[in-house]
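Subject: Structure for your review

Dear colleague,

Please find below the structure that I am handing over to you. My notes on what was found in it follow directly after.

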Amino acid sequence: MPYQSFGDLDMYYEQMGSGDPVIFLHSGYSRGILAFASQMLDFQREYMCYFPDFRGHGRTRSNSLEWSTPQHAEDVLSFMDHLGLSRVHLIGYGMGGGVALHLAVHHPERVASLTSIGQCGFVSSKGSEEYEPEWLEQNGRTDFIQSMMERHAEAHQGNWQEFLKQKIKDWRSYPRLSDDQLRGITCPALFIAGEHDDLTPEEDLKRATALIPNSGYVLVQGCGHRPHMIRDNPVFVNDTILNFLKTNP
């Protein structure tokens, strides 16, 4: 299995394709190849694709169970350093979009372009209470609990409750970027959201793209928070992102 080790972390990742590097940054309850299963084949034809699992997620290992969006950003930077990637395209979904934005703000020289799906830089904690461990147990969500136990067993060492507590804390705290920080993003930026995504409403997309130079957004009709996934409209999303990358090499 491919790992990169640095600091207190053994970061698991998948790598496929050839060409300019693209790092895919997954959402909070997922891991690399699950969040972007519908992107792998299309993108590997033209790009070298990396799908890391964040700290606390998937098969990535650390003695510490603590993590946050800013920590993920620094981990991705270390991951790039160890692979010798000086500059990359970033594609993030949900929390991963927040990680990409943090990297674009704090390490602009390392980001060739930024694509964010279902995230535009503002805290949106709507619905987070339904993912607290106590709520899940009281409401009989054993299916979700089981998936978190299985999906992240190596990362959270079987402590799914602590994993969810970390996620809720991060969800309610980040990305929390200021208007000045968003104005300072220098790379081309594309924001994608489903028409019915309550976590990324169009007014937030308008606000973000009004602040960020050389940015724009696309609403995917008929979709919710996962427009790039198989039961929504991955073909349209993939073509949109690939066209964006071609015009912003």
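P70 counts as partly exposed, because its relative accessibility is 24%; here buried means under 20% relative accessible area, exposed means over 50%, and partly exposed lies in between, computed with a 1.4 Å probe on protein chains only. P70 belongs to helix α3, residues 69-83. Helices (H or I, at least four residues) and strands (E, at least two) are DSSP runs, numbered from the N terminus. Leaving aside neighbours within four places in sequence, P70 is in contact with H102 and Y174, where contact means heavy atoms within 4.5 Å. The C-alpha atoms of P70 and P175 are separated by 8.0 Å, although these residues are 105 residues apart along the chain.

Before you read further, please note that this is a predicted model, in which local features need pLDDT of at least 70 and side-chain atom pairs count only at pLDDT 80 or more, while totals for chains, interfaces and linings use all residues. Residues are numbered from 1 along each chain as its sequence is written, and side-chain values use heavy atoms, with hydrogens and water left out.

Helix α8 and D170

Helix α8 has 12 residues and reaches 16 Å from its first C-alpha to its last, close to the 16 Å expected at 1.5 Å a residue. The expected span of a helix is 1.5 Å times one less than its number of residues. W160, F163, L164, Q166, K167, I168, D170 and W171 are the buried residues of α8. They pack against α3, α4 (95-106), α5 (133-138), α6 (142-151) and α7 (153-156).

Not counting residues up to four places away in sequence, D170 touches W67, S68, T69 and M95.

Salt bridges

A search of the whole structure finds 13 salt bridges. One of them joins the side chains of R55 and D8, at 3.1 Å from N to O. R55 lies in the loop between β4 (47-52) and β5 (61-62) and D8 in the loop between β1 and β2, so the pair ties together parts that are 47 residues apart in sequence. R55 counts as buried because its relative accessibility is 5%, whereas D8, with a relative accessible area of 43%, is partly exposed.

The side chains of D42 and R45 also meet in a salt bridge, 3.1 Å from N to O. D42 is partly exposed at 25% relative accessibility, and R45 is exposed at 61%.

E46 forms a salt bridge with K246, with the closest N and O atoms 3.9 Å apart. E46 lies in the loop between α2 (40-44) and β4 and K246 in helix α11, so this pair ties together parts that are 200 residues apart in sequence. Salt bridges that share partners join D10, R59, R61 and E154 into one network.

Helix α11 and S113

Helix α11 (residues 234-247) has 14 residues, which should span 20 Å at 1.5 Å a residue; its end C-alpha atoms are 20 Å apart, which agrees. Among the buried residues of α11 are F244 and L245. S113 lies in strand β7, residues 111-117, and counts as buried because its relative accessibility is 0%. The C-alpha atoms of S113 and C187 are separated by 5.2 Å, and the two residues are 74 residues apart along the chain.

Strands β1 and β2

In a regular strand the side chains alternate between the two faces of the sheet. Strand β1 (residues 3-6) has a covered face, Q4 and F6, and an uncovered one, Y3 and S5. β1 pairs with strand β2 (residues 9-17) in the antiparallel sense over four bridges; two strands pair if DSSP finds at least two bridges between them. Q4 stands opposite M11 in β2.

Yours sincerely

Methods. Salt bridge = Lys/Arg side-chain N within 4 Å of Asp/Glu carboxyl O.
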